[in-house]
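Okay, thanks everyone for coming. Let me put the model up on the screen, and then I'll talk through some side-chain pairs and a helix packing.

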Amino acid sequence: MRYFPVFLDLDGRDVLIAGGGEKALQKLRLLAKTTARIRVVAKEISADIVAAAQGSAVVLERRPFAPSDLTGVAMAFAANDDPDADGVVAAAARAERVPLNVVDAPRESTFIMPAIVDRDPVVVAIGTEGSAPILAREIKSKIEGWLPARFGRVAERAMTLRRRVQDAVADPVARRHTWERLLQGVWRSAVLAGDETTAEREFHRQLEAASAGTQSTGSVSLIGCGPGEPDLLTLKAQQRLQEADVLVVDRLVNPAILEYARRDAVRIDAGKEPDGPSAAQDDINRILVREALKGQRVARLKGGDAFIFGRAAEEIAAVRAAGIPVEVVPGVTAAHACAASVGLPLTLRQKVRQFAVVTGASADGAFDLDWAALAKPGQAFAIYMGVRSAARFCASLLAAGAAPQTTVVIVENGTLPNERAVAAHLSQLGRAITETGIKGPAIIFVGLDWASAGLALPDKIKVYEPVRVGAAGQMEGAAAAPAPQEENEAPQVVDFAR
Ligand SMILES: C[S@@+](CC[C@H](N)C(=O)[O-])C[C@H]1O[C@@H](n2cnc3c(N)ncnc32)[C@H](O)[C@@H]1O
């Protein structure tokens with residue numbers, strides 16, 4: 001880190017802007033948000049600057065810059081838009097040891113300006129050390145989307161209430177919890193909505209509960225964390241992750257997603273290593289209830305979407321039965337994410353007008369889907385947890401009358417760096433998986449016939465080439481790969497369906 005980020009107190013300090021054009025105006029607009037004493041010095045000063053300065057204490061001086069302008073200033077800006085004129089200011093600033101920003105010339109500057117998200121008094125500064133301002137702008141717009149426009153109001157109100165909370169709640173841990181409940185709950189929403197009556201009522205309620213030592217019940221959020229790529233997390237999921245005291249995490253949740261959680265949040269692993277024992281569903285339910293009853297905010301992190309093959313119903317029932325509030329934060333399910341990632345539409349005009357999600361995994365091991373319905377022409381569906389049972393899917397669909405040439409696409413590790421996608425015919429499904437070494441997690445799409453809808457084969461999808469067995473019995477062909485010992489998701493299916 002060459003540049004060290006700091007927030008400088010400019011209250012009542014002198015700041016110089018050398019320059020009278022567009023660049024100087026930009027700096028003036030930024031600095032005008034502070035309580036600094038601003039002076040603009042230039043031979044010519046634009047009408048826009050005059051207008052911006054009107055009614056403020058900004059001093060405008062129409063004359064050439066002089067080194068004595070730097071005496072006693074906290075910082076200066078060379079904004080002449082003229083390298084020679086800026087060079088004069090830079091040389092004087094170096095001599096006077098005054099921090100200087102030469103606009104758009106980071107190497108001539110002793111400090112550079114970050115991209116700023118202003119939710120005063122909450123201010124976010126983003127810097128890339130001048131290497132990639134476009135990235136800084138991208139981050140800025142993401143943060144702007146994330147921080148509501150009135151966010152500063154929440155911070156301002158919190159500042160005015162600090163003393164009252166301190167007086168009412170002596171214990172520092174209880175005080176932290178009170179602040180967390182205020183800043184992440186009804187009080188914050190009410191302040192953001194400008195609903196002062198509700199905000200005041202909620203403030204009193206929280207203060208009374210905290211000073212009486214009554215612990216409010218916690219809560220459980222079932223959070224869909226998407227298929228892996230952290231960027232697919234929803235804003236709400238990110239917020240809940242940041243608020244959570246306890247994280248109960250499934251195996252298919254990408255560890256990178258845990259970076260959004262607080263460092264001090266307790267992590268409980270409810271997943272398992274491939275082929276290892278998983279936490280039983282009853283145990284997971286018990287953990288959720290136990291932690292929430294302690295007053296903790298529990299984030300139950302699930303791969304994809306919690307409502308799609310996620311055993312959410314059992315968890316919701318158990319948590320509700322204990323009188324604990326529960327909410328569901330939707331996530332991007334694997335089928336949607338895999339389809340988007342490889343460029344395969346899930347419906348095709350005139351060709352595919354209905355789309356289903358299915359799994360061969362069931363609580364009692366029965367393989368009893370409505371094969372006749374699935375085998376009909378024009379059907380399209382995504383098979384979850386189907387890698388190990390792919391050959392059985394293939395046999396059942398063909399036996400029910402599905403065309404052997406039906407298009408199938410297998411997407412493994414969708415959205416992750418090791419994603420791959422293979423297209424084959426339904427009759428080749430089992431072999432394609434074995435010979436390409438697909439182990440999962442994977443989604444198998446059946447019936448998405450992009451060619452008949454006039455689409456070219458998406459680039460990311462490779463067509464399966466069957467391995468030929470040569471005269472001497474050796475394998476030939478690009479796709480030859482060791483057979484998977486065992487699909488890593490299937491044992492989890494059994495555990496999940498217990
Ligand atoms: C127990 S289910 C959970 C599904 C999850 N709730 C969802 O909405 O995606 C696990 C299955 O999801 C699919 N899956 C999850 N992540 C995946 C990924 N990144 N790529 C492909 N398939 C994935 C696989 O079929 C895997 O066996």
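So, let's start with Arg 176, which is partly exposed at 38% relative accessibility. Keep in mind that this is a predicted model. The side chain of Arg 176 meets that of Asp 264 in a salt bridge, 4.0 Å from N to O. Arg 176 sits in helix α6, while Asp 264 is in the loop between β9 and β10, so this pair ties together parts that are 88 residues apart in sequence. Asp 264 is partly exposed too, with 46% relative accessibility.

Now, which residues join Arg 176 and Asp 264 in one network? They're Glu 180, Asp 245, Arg 262 and Arg 297, linked through salt bridges that share partners.

Staying with α6, let's look at how it packs. Helix α5, residues 151-168, meets α6, residues 172-184, at an angle of about 150°, with the axes 12 Å apart. Angles over 145 degrees count as roughly antiparallel, and therefore that's what we call α5 and α6. The crossing is right-handed. On the α5 side the contact includes Val 154, Ala 158 and Leu 161; α6 brings Arg 175, Trp 179 and Leu 183. By type, the contact residues split into 6 nonpolar, 1 polar and 2 charged.

Back to salt bridges: the count comes to 35. One of them pairs Asp 14 with Arg 37 at 2.9 Å, N to O. Asp 14 is in strand β1 and Arg 37 in strand β2, 23 residues apart. Asp 14 is partly exposed at 26%, whereas Arg 37 is exposed at 51%.

How values were computed. Residues are numbered from 1 along each chain as its sequence is written. This is a predicted model: local features need pLDDT of at least 70, side-chain atom pairs count only at pLDDT 80 or more; totals for chains, interfaces and linings use all residues. Side-chain values use heavy atoms; hydrogens and water are left out. Axes are lines fitted to C-alpha atoms, for helices over the stretch in contact, and angles run from 0 to 180 degrees between N-to-C directions. Helices (H or I, at least four residues) and strands (E, at least two) are DSSP runs, numbered from the N terminus. Angles under 35 degrees count as roughly parallel, over 145 as roughly antiparallel, 65 to 115 as roughly perpendicular and the rest as oblique. A crossing is left-handed if the near helix is turned anticlockwise from the far one by less than a right angle, and right-handed if clockwise. Contact means heavy atoms within 4.5 Å. Ala, Val, Leu, Ile, Met, Phe, Trp, Tyr, Cys and Pro count as nonpolar, Asp, Glu, Lys and Arg as charged, and the others, Gly among them, as polar. Buried means under 20% relative accessible area, exposed over 50%, partly exposed in between (1.4 Å probe, protein chains only).
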